[in-house]
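Subject: Structure handover

Hello,

Here is the structure you are taking over. Please open it beside the sequence before reading the notes below.

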Amino acid sequence: MQKIAVLTSGGDAPGMNAAIRAVVRRGISYGMEVYGIYHGYAGLMEGQIEPMNVGSVGDIIQRGGTILHSSRSEKFKTEEGQQEAIAQLKAKEIEGLVVIGGDGSFRGAQNLADKGFPTIGIPGTIDNDIPGTEVTLGFDTAVNTVIEAIDKIRDTATSHERIFVVEVMGRHCGDIALWAGLSGGAESILIPEVDFDMKEVTYRLLEGNKRGKKHSIIIVAEGVCPAAEIAQMIKEEAGLETRVTVLGHVQRGGSPTAFDRMLGSRLGAKAVDLLREGQTGKMVGIQRNRIAVVDFADVFSGKHSIDLDMYELGKSLSI
Ligand code: ATP
């Protein structure tokens, strides 16, 4: 394989640039020509395909977001859109594609692979919701962003002796809430995977008050319900006033942590190796801290599960 391309698709995530850099430089180290496709599948269908060199990925490993930009495209889900995409790749004699994105992006990649175009996926999303890999690119940075925010909220919570309800991202997955809640010392962590009992949440708050506790922080994953609803429930259940903070898109940005830079570098290089070996229709992920190669089909049929031991640990430590 002499010519390959890379694109980023769906929500951006810190560490995507490290992965792009690794794809480009690994490819070049094999004597390949490597192209960057701008604006995801939308840009691919329009032919926004530019040659990359060693220098074009210089000074990006530390940057959040994606230098290739990202997009969502309904047209790419159609047969016509996919044929246009393949025609654009073929016009440039590109023989393989690395797609960095989430589950939806992989479905698009699988469609290209089904049409005979070699494609490898790298899981890039802060949500950590992709089956077949224990961690996704951007998750670690997002968790660190959240705990930085929790630490700051804790200062004001302590000063004013207040209860804060903090809503974090993750869509249907509770991992950001769980990891950030545990490492940020939250009093309660509410995640979509486990039903919560509001009586237990308020009991913890009231017991804390009795012990003279100066502040409390409750982390709620966006997949549970809006934080404002939790605040209302606490008021109705225990008559306690709370302050609500919705962290929002700040969680998607920022300079990637060392972990995400490493992850992007490892997965990017491996994706190129797989294309070179003639593999297709697969995701590169991490299992037991080693690189794992997983068929897209298994990613789609799998289910990401949270670590219940960690959830219980969070409960037992926040007494
Ligand atoms: P994130 O988790 O950050 O949202 P994602 O990759 O899951 O990332 P999506 O919006 O679901 O984000 O998908 C990105 C793009 O991939 C879509 O805009 C579309 O172009 C393509 N895509 C999604 N689902 C399919 C599908 N079933 N078939 C073909 N292409 C798809």
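I start with one residue. G11 is buried, because 22 other C-beta atoms lie within 10 Å of its own, and the cut-off for buried is 20 or more. Please keep in mind that this is a predicted model.

G11 sits in the loop that runs between β1 (3–8) and α1 (16–29). Leaving aside residues up to four places away in sequence, G11 touches G102, T125 and R252.

Now the ligand. How many residues surround the ligand? There are 18, and the closest are G10, G11, G102, G104 and G108. So G11, the residue described above as buried, is also listed among the closest to the ligand.

Which helix gives the largest share of the shell around the ligand? Helix α4 (residues 103–114) does, with 6 residues. Sorted by class, the shell has 11 polar, 5 charged and 2 nonpolar residues.

Next, the database record. An unreviewed UniProt entry lists G11, R72, S73, G102, D103, G104 and S105 under "binding site". These residues are spread over 95 residues of sequence, yet they cluster in space, with a largest C-alpha distance of 14.0 Å.

D103 is found in helix α4, the helix with the largest share of the ligand shell. Is D103 buried, exposed or partly exposed? D103 is partly exposed, because 19 other C-beta atoms lie within 10 Å, while a buried residue needs 20 or more. G11, by contrast, has 22 such atoms and is buried.

Last, the domains. The domain assignment of the protein chain gives domain 1 (3–138 + 256–301) and domain 2 (140–253). Note that domain 1 is written as two stretches of sequence. The contact between the domains takes 16 residues from domain 1 and 14 residues from domain 2. On the side of domain 1 that touches domain 2, the residues divide into 7 polar, 5 nonpolar and 4 charged. Taken over C-alpha atoms, the centres of domain 1 and domain 2 are 34 Å apart.

Regards

Key. Residues numbered from 1 in each chain as written. Predicted model: local features only at pLDDT ≥ 70, side-chain atom pairs only at ≥ 80, totals over all residues. Near = placed C-beta within 6 Å. Helix = DSSP H or I, 4+ residues; strand = E, 2+ residues; numbered from the N terminus. Nonpolar A, V, L, I, M, F, W, Y, C, P; charged D, E, K, R; others polar. UniProt positions renumbered as here; feature names shortened; annotations may be inferred. Buried ≥ 20, exposed ≤ 12 C-beta atoms within 10 Å, placed from the backbone. Contact = placed C-beta atoms within 7 Å. Domains from an automatic or database assignment.
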